[in-house]
Amino acid sequence: MVEYNISLEGKTILVTGAAGFIGSNLVMRLFKDFKDIKVVGIDSMNNYYDVRLKEERLAKIEALGRDWTFVRDNIANKACIERLFAKHEFTVVVNLAAQAGVRYSITNPDAYIESNLIGFYNILEACRHHSVEHLVYASSSSVYGSNKKVPYSTDDKVDNPVSLYAATKKSNELLAHAYSKLYNIPSTGLRFFTVYGPAGRPDMAYFGFTNKLREGKTIQIFNYGNCKRDFTFVDDIVEGVVRVMQHAPEASPKSSPKGKDLGIHTSDPLMYGLLKERAEEMRKNPTEAESILWNALKAKELGVKFRRQHIIEDFIVDFYCNEYKVTIEVDGKYHGTFEQTKSDSERTARLIELGYTELRFTNEEILHDLDNVLKKIKTFCSGTPFPLGEGWGEAVPYKVYNIGNSSPENLLDFVTILQEELIAAKVLPADYDFEAHKELVPMQPGDVPITYADTTPLEEDFGFRPSTPLREGLRKFAQWYAEYYKM
Ligand SMILES: NC(=O)c1ccc[n+]([C@@H]2O[C@H](COP(=O)([O-])OP(=O)(O)OC[C@H]3O[C@@H](n4cnc5c(N)ncnc54)[C@H](O)[C@@H]3O)[C@@H](O)[C@H]2O)c1
């Protein structure tokens, strides 16, 4: 299990696609779980499907009366995204805004490039220039294309997308990886597997089937119903997103085991000797000030999480951040002996030789203006790419997980349960002749008979796997549908 390293309480969160199916559920859940949270939502309210649904979802959020700001705009509008990030200090950004759907991409490819590529790029750039602690973004099970091996694992090769939609989602993962690596932006991509639930998307099969059955039309069931799919209830997806939001992946390089304790890493023998000496010395007798600063200024955190504590006495702090090649020196009187001073300056000289930039602060600045010191460090680091050479920052703060039910359901069973629940919710009459309204047809070209998620990594890291039984989820959908369409 991973440890949560981000507290959402008291923080500001950006949710893109907030009027969408998953986005709106996420926002409501955040307000439910966290007493003191500010959520900013952005959505273009496009008419890919009935906009009234999006408006209703927003109205439900609004009715909670919480610290909620909604911006109706397009994430492809760079100036708007920049303004938003400059105005709010987002701790976590959850990017759900996207043009979804596979078939629509055949007639409307522009929408995918605009939202999924340009929009996502704008989000990445904004995360780069404003220190966001974690970017969580929606990917999709569609990246598995027509892979034959099941269950689908995040270790599988996914280089053969079979739709523009899938290609954009895979591109998101690639772009996120590059940004995580270059600019140390912790990012987690989530590959969702067919999400369903109340106020869901009308373009999806279960919703479309329901509309057709209600209108007395016939539904087509492919491969004679012998397809197996993961259907994931929206609450399970949201549960997964909320858990994942609270843990930013870490990038600690795997070099010296000694250095790891203190977040010091080097592959240089001279440096290692000096650092080892230093680490041991500090472990023996750290001043309170040193402990606070070491903790506050660990490479991965870069001051983002630092909270000012009480008075800091005289001290020396040497802080190395290999990822950014910067050494931060703070003058002090703690190490008074000549040898120590010498080794400090030797080490600094060696670091500079190795291409580090030295940032120097005085005790005065640390004591009285720590916020500004941290700001200067962050400003220096943001926009400075990680060196790509061997030995430096090899591990990237980047993760991708599957979120799916990992218990595939037979399509025919799915449709049968749906029909039963639609009857129970009075969407369909009790004597509905289901057989007359379904047509079993062969497989469509390119379709895969069975797809489902391997969610072991999610379970191992977050102690959670989606588990809402299909009947329970479809019941909630049917009841919502009956209410929404006033049956
Ligand atoms: N629902 C699923 O089964 C499923 C499966 C896999 C992945 N996903 C992904 O999850 C995310 C959320 O999906 P959803 O089912 O809630 O879809 P949705 O269409 O209901 O929500 C997406 C929202 O984003 C908005 N949007 C689209 N382009 C935008 C843009 N350029 N700027 C601002 N807003 C924009 C839309 O208006 C919509 O409200 C998407 O990224 C989708 O690709 C969904």
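**Entry 1: the core.** I began with the largest nonpolar core, which has 89 residues; Val15, Val93, Val94, Val136 and Val241 touch the most other members. I note that the model is a predicted one. For background, nonpolar side chains in soluble globular proteins tend to be buried together.

**Entry 2: Val15.** I looked up what surrounds Val15. Apart from neighbours within four places in sequence, Val15 is in contact with Gly23, Leu26, Val27, Val39, Gly41, Val94 and Leu96. I also found that Val15 stands opposite Val94 of strand 4. The two strands concerned, strand 1 (residues 12-16) and strand 4, run parallel and are joined by five bridges.

**Entry 3: strand 4.** I then asked how many residues of strand 4 (residues 90-95) are buried. The count is six of six, and the strand is mostly covered. Strand 4 also pairs with strand 5 (residues 134-140), in the parallel sense, over four bridges. Within that pairing, I recorded Leu135 in strand 5 as the bridge partner of Val93.

Entry 4: I examined how strand 3 is held in the order. Strand 2 (residues 38-43) pairs with strand 3 in the parallel sense, over five bridges. In this pair, Val40 stands opposite Thr69 of strand 3.

**Entry 5: helix 17.** I turned to helix 17, which covers residues 470-484, 15 residues in total. From first C-alpha to last, helix 17 reaches 21 Å, close to the 21 Å expected at 1.5 Å a residue. Which residues of helix 17 are buried? I listed Gly473, Leu474, Phe477, Ala478 and Tyr481. Seen down the helix axis, the buried residues of helix 17 fall within an arc of 135° and therefore line one face. The general rule is that an α-helix has 3.6 residues a turn, so residues three or four places apart point the same way.

Note on methods:
Residues numbered from 1 in each chain as written. Predicted model: local features only at pLDDT ≥ 70, side-chain atom pairs only at ≥ 80, totals over all residues. Pairing = 2+ DSSP bridges. Core = buried A, V, L, I, M, F, W, Y, C linked by C-beta atoms within 7 Å. Buried ≥ 20, exposed ≤ 12 C-beta atoms within 10 Å, placed from the backbone. Contact = placed C-beta atoms within 7 Å. Expected span 1.5 Å × (residues − 1). Arc of directions from axis to C-beta.
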